[in-house]
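Morning, everyone. I have a short tour of one protein chain for you. Please look at the screen.

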Amino acid sequence: MTTTRLLAALLLALFAAAALAAAPARAEYWTIASEDHFPPYNYSFNGKRTGIDTEIVAALVKELGITPVYRPLSWSEVVRSMDENTADVGFQFIASPARFAQYNMIGPFRTGTTVFMVRKDSSITFDRLEDLTPYRIGVVDGFSYAPDFDAATYLEKVASSSNVVNFRRLMLGRVDVIVGDLHVLNFMAKQDGRLRDVRVLSKPLGLIPRYIALPKARKEKAEKLQAAFVKLRDDGTIARIVDSWLAE
């Protein structure tokens, strides 16, 4: 091969290598299922999904170089998407032996405080679950709250489709007390301009760890997400996200 041809071949090889390096890598997308309106943890604002838990999950998939595709659903649909393997990731789940058996569970990535809320003028108090026997308790259909409460069939639980419906039933007197995450219930009250009209019972129902779930069939993705979770937990990223929201 002549020198001219050798140089031409080398230049061609260099151009080909440069073109390959400049070509964008094929993006990987994961579908992320979460309850449509569960502020301040996950909700839509100005057409964008946001919230504490949404930001945590976004940080985890970003660590993996993954592009999230958010699917806002009802909670029962989030659970179904895990059961039927139609989404990659779902959040935020409460742990139970059944759920660890059904799903790949990542976490806990934060702990929430579950409380009872009543109207301001209510005389209801709570020390034991039996204290609530005379009252109608608003719950969200499909939610788990705490093992002893979930198992308390002697309590009158009035199911609704969402925390928003639950809160408005409380204000209308259709239920006497509602149960839920402290920050979610306070957000609902502020959103409706009714924070001064309600009070949270002083004793919480429990401190509840929250998890991210993946279908059992997506074990490889779960292992990657678990590694990202451990890294961002240990370097303080997750704690900083939570603190930045709750300090506001």
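Start with what covers the buried residues of helix α8. The cover includes β1 (28-35), α2 (52-63), β5 (89-94), β6 (103-119), β11 (206-215) and α9 (237-246). One caution before we go on: this is a predicted model.

Now the helix itself. α8 runs over residues 219-234, so count 16 residues on your screen. From its first C-alpha to its last, α8 reaches 22 Å. That is close to the 22 Å expected at 1.5 Å a residue.

Which residues of α8 are buried? They are Ala222, Leu225, Ala228, Phe229 and Leu232. Look down the axis of α8: these buried residues fall within an arc of 125°, so they line one face of the helix. Here is the background. An α-helix has 3.6 residues a turn, so residues three or four places apart point the same way.

The face of α8 turned away from its buried side carries exposed residues: Lys219, Glu220 and Asp234. After α8 comes Gly236. Its phi is positive, near 90°.

Next, a single residue. Thr114 sits in strand β6. Is Thr114 buried or exposed? Its relative accessibility is 2%, and buried means under 20%, so Thr114 counts as buried. What is Thr114 in contact with, leaving aside neighbours within four places in sequence? The list is Tyr145, Val179, Gly180, Asp181, Pro204, Leu205, Gly206 and Ile208.

On to empty space. Rolling a probe the size of a water molecule over the atoms shows where empty space is left. How many cavities of 30 Å³ or more does the structure hold? It holds one. The largest cavity has a volume of about 150 Å³. It is lined by 13 residues. Closest to its centre are Phe38, Gln92, Phe143, Ser144 and Arg210. Strands β5 and β9 (177-181) each supply at least two residues of that lining. By class, the lining of the largest cavity divides into five nonpolar, four polar and four charged residues.

Last stop: the second largest pocket. About 170 Å³ of space lies in it. Its lining has 14 residues. Glu35, Ser74, Trp75, Ser161 and Ser162 lie nearest the centre of this pocket. By class, its lining has five nonpolar, six polar and three charged residues.

Key: Residues numbered from 1 in each chain as written. Predicted model: local features only at pLDDT ≥ 70, side-chain atom pairs only at ≥ 80, totals over all residues. Heavy atoms only, no water. 1 Å grid on protein atoms, 1.4 Å probe; cavity = no way out; pocket = protein on both sides within 12 Å on 5 of 7 lines; lining within 4 Å. Points joined across faces, edges and corners; volume = space filled by probe spheres on them. Nonpolar A, V, L, I, M, F, W, Y, C, P; charged D, E, K, R; others polar. Helix = DSSP H or I, 4+ residues; strand = E, 2+ residues; numbered from the N terminus. Expected span 1.5 Å × (residues − 1). Buried < 20%, exposed > 50% of the residue type's maximum accessible area, 1.4 Å probe, protein only. Arc of directions from axis to C-beta. Contact = heavy atoms within 4.5 Å.
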